[in-house]
Amino acid sequence: MDAIASHIHDALTQVRELRRNILSKQRFKGYSGRARILSGSLALGAAALIQTLPPSKYTVLFGWLTVLSLGLFINYGALLYWFLFDPEVRRDVTKLKPVLRAIPSLAVGGVLTLAMLRSRIFWPLYGIWMTLFGLANLTGEDVLPSRILYVGLFYLACGTIYLMSPSPTFLNPWPMGIVFFTGEWAAGLVMHF
């Protein structure tokens, strides 16, 4: 009886090891934890800088568009470096599928931003950006570390709270800066470790 139990225990251990190896091979490693941490720090720094400038919707918008541009450069630059130089990737375009899955959420965020700006409605932008960034984080849950789910839910919750709050204002950069600092640091740590 002990021999049978020992064989079953060994078989289960082998199955767990095989599962771990398969999941490790499927895991997407193109996103950089360090790049996300840097982007989060940039968002907090931008909020501090925007706070010192004369209050203007267009100044705040320009500040966040600058953060977006730098964040895209940092994160997609790291992704490009991984794609070009990681020997396991071998420049195989199919390895970029998780990135492509995030594009619809980010594109909808861009379309909604343009629609709001065309109507000169600024106050919902932070909430829109937070919620859609949350959805973008959730699209890769099956190939990213499982804790990225909590980062996506964090962004969704913060965006919802912001949109439902009684008097949100676009001129206050701190909600955006704090949420993106926290979310990007959390995502960066999840991806790094």
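1. Tyr81 and Phe85 stand four residues apart in helix H3, and therefore about one helical turn separates them; a helix here is a DSSP run of H or I of at least four residues, numbered from the N terminus. An α-helix has 3.6 residues a turn, so residues three or four places apart point the same way. Tyr81 is exposed, at a relative accessible area of 55%, where exposed means over 50% relative accessible area, buried under 20% and partly exposed in between, with a 1.4 Å probe and protein chains only.

2. Please keep in mind that this is a predicted model, in which local features need pLDDT of at least 70 and side-chain atom pairs count only at pLDDT 80 or more, while totals for chains, interfaces and linings use all residues. Residues are numbered from 1 along each chain as its sequence is written, and side-chain values use heavy atoms, with hydrogens and water left out.

3. The aromatic pairs deserve a careful look. Rings of Phe, Tyr and Trp (its six-membered ring) pair if their centres lie within 6.5 Å, and planes under 30 degrees apart count as stacked, over 60 as edge-to-face and the rest as tilted. The count by this rule is 15 aromatic pairs. For Tyr81 and Phe85 the ring centres are 4.9 Å apart and the planes meet at 45°, so this pair is tilted. Tyr126 and Phe170 also form a tilted pair, with 4.9 Å from centre to centre and 35° between the planes. That pair links distant parts of the chain, since Tyr126 belongs to helix H5 and Phe170 to the loop between helix H6 (148-164) and H7, 44 residues apart. Tyr126 is buried at 0% relative accessibility, and Phe170 is buried at 2%. Both belong to a cluster that ring pairs build from Tyr58, Trp64, Phe122, Tyr126, Trp129, Tyr162 and Phe170.

4. The largest pocket holds about 880 Å³ of space. A pocket is an open set of points, on a 1 Å grid over the protein atoms alone, where a 1.4 Å probe fits, with protein on both sides within 12 Å along at least five of seven lines, and lining residues have an atom within 4 Å of a point. Its volume is the space filled by probe spheres set on the points, which are joined across faces, edges and corners. Among its 32 lining residues, Leu68, Leu72, Leu106, Phe133 and Phe180 are the closest to the centre. Two or more lining residues come from each of helix H2 (33-52), helix H3 (57-85), helix H4 (97-118), H5 and helix H7 (174-192).

5. Leu72 lies in helix H3 and is partly exposed, at 41% relative accessibility.

6. Asn137 sits in helix H5 (residues 125-138) and is buried, with a relative accessible area of 6%. Leaving aside residues up to four places away in sequence, Asn137 touches Arg36, Ile148, Val151, Gly152 and Tyr155, where contact means heavy atoms within 4.5 Å.

7. In H7, the buried residues include Phe180, Gly183 and Glu184, and the buried residues of H7 pack against H2, H3, H5 and H6.
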